[in-house]
Amino acid sequence: MGVLAQYAQHLALGDNTPRITLGEGATPLVPAPRIGSPLGIELYLKFEGQNPTGSFKDRGMVMAVAKAIEQRSQTIICASTGNTSAAAAAYAAATGLRAVVVIPAGRIALGKLAQAIMYGADIVAIEGNFDAALTIVRGLAAGGEYTLVNSINPWRIEGQKTAAFEVVDVLGDAPDILAIPVGNAGNITAYAKGFREYRALGRSSKSPLLFGFQAAGSAPFVQGGPIDNPETVATAIRIGNPANWQLAHRAVAEFGGGFFAVPDEEILQAQRRIAREVGLFPEPASAAPVAGLVRLHREGGLPRGAVVVAVLTGNGLKDPDVASRSAEGAIVPVPADADAVRRAISG
Ligand code: F0G
């Protein structure tokens, strides 16, 4: 049905806001006891990779595009590490808008680039990183000709808060801890807004601690200020100067919790564990919270028995390069007969 229809009463929809949808939202909350039990927690994974373009961005983009149309905009623009551009391109395609996406050349996952191409966006690759791209599109949008659909657009946060509603609707209350990857920090801000609003309405009895996880080479929130050259295999969160810096800090101060860094190797290990021990395939950035929970447990920083929701923000199919690089040795063809196949699988 889509998040605009499902949560209409919680969103500022007017008579002139088109009720568009690609079927975003209503994503599964999957119990993950094989990972959670050894950590002493009750772990659920919110699989946002199941959204129409394979990431949580669809929730915010459907709202931002509906509002852009209401305001008679014809072109939306964004900077992106890949997922925002895929979502912008898809919702623009669905509604006949033009989408302009500015991306860091060579630094977005192949599947995400394929999406922007297929949905027909105008793609500009810059010789610079996401932070440079965001500065450029902010400048261009200031002229009024383009509607900016990065998460500094408040409608993005509005749409994305519906994920917190879904968590409470399914669990019957807020979890004790929300574990979430942090890049530009729009999503942690959006979850905080959703949990805050549901609690004010009496839909939940408590607020979760917010645990935001960053890649160690790209962790401005952990280091305490912007960094110039962020580096991580988790390209989705390769961001050195997060736009929602203050909102995210305010949310964590209000709810409790904190920001934590996880090394790339642990992110990739967690990605494989989620695939092999849960049966969900997240992209690398989305595995950061699970990697972080494992690390926190090791350091004694995870309360026993806590109900924890980790957000798997994007689909692993978007980044086939990282996945295939982690294959253990080459897959060598054998003759097409049963004996050869039996030999290949025995011992
Ligand atoms: N996980 C994934 C898969 C993402 O694509 C992003 C952000 C995040 C987590 C972090 O979310 O920025 O709200 O803190 N991707 C943006 C993009 C930057 O351009 O697709 P955030």
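**Questions about a predicted model**

Guide: The largest cavity is the space that the ligand takes up. The model is predicted, so local features need pLDDT of at least 70 and side-chain atom pairs pLDDT 80 or more, while totals for chains, interfaces and linings use all residues. Numbering runs from 1 along each chain as its sequence is written, and side-chain values use heavy atoms, without hydrogens and water.

Visitor: Why is the space taken by the ligand called a cavity?

Guide: On a 1 Å grid over the protein atoms alone, a cavity is a set of points where a 1.4 Å probe fits but cannot get out. A molecule sits in it if more than half of its atoms lie within 2 Å of the grid points.

Visitor: Which helices each supply at least two residues of the shell around the ligand?

Guide: These are α4 (83-95) and α9 (186-200); a helix is a DSSP run of H or I with at least four residues, a strand a run of E with at least two, numbered from the N terminus.

Visitor: How do you know that β3 and β6 pair?

Guide: Pairing requires at least two DSSP bridges. Strand β3 (residues 75-79) and β6 share two, in the parallel sense, so they pair. Isoleucine 77 stands opposite leucine 148 in β6. The open, parallel sheet runs β5-β4-β3-β6.

Visitor: Why are β5 and β6 called edge strands?

Guide: Both β5 (122-126) and β6 (147-148) pair on one side only.

Visitor: What does the side chain of arginine 19 reach at 2.8 Å?

Guide: The backbone oxygen of threonine 17. The backbone oxygen of glycine 14 is 3.0 Å from a polar atom of the arginine 19 side chain. Within protein, one atom must be able to donate a hydrogen and the other to accept it, and sequence-adjacent residues count only if both atoms are side-chain atoms. Arginine 19 lies in the loop between α1 (3-6) and β1 (29-31).

Key: Polar contact = N/O pair within 3.5 Å; in protein donor to acceptor, adjacent residues only side chain to side chain. 1 Å grid on protein atoms, 1.4 Å probe; cavity = no way out; pocket = protein on both sides within 12 Å on 5 of 7 lines; lining within 4 Å.
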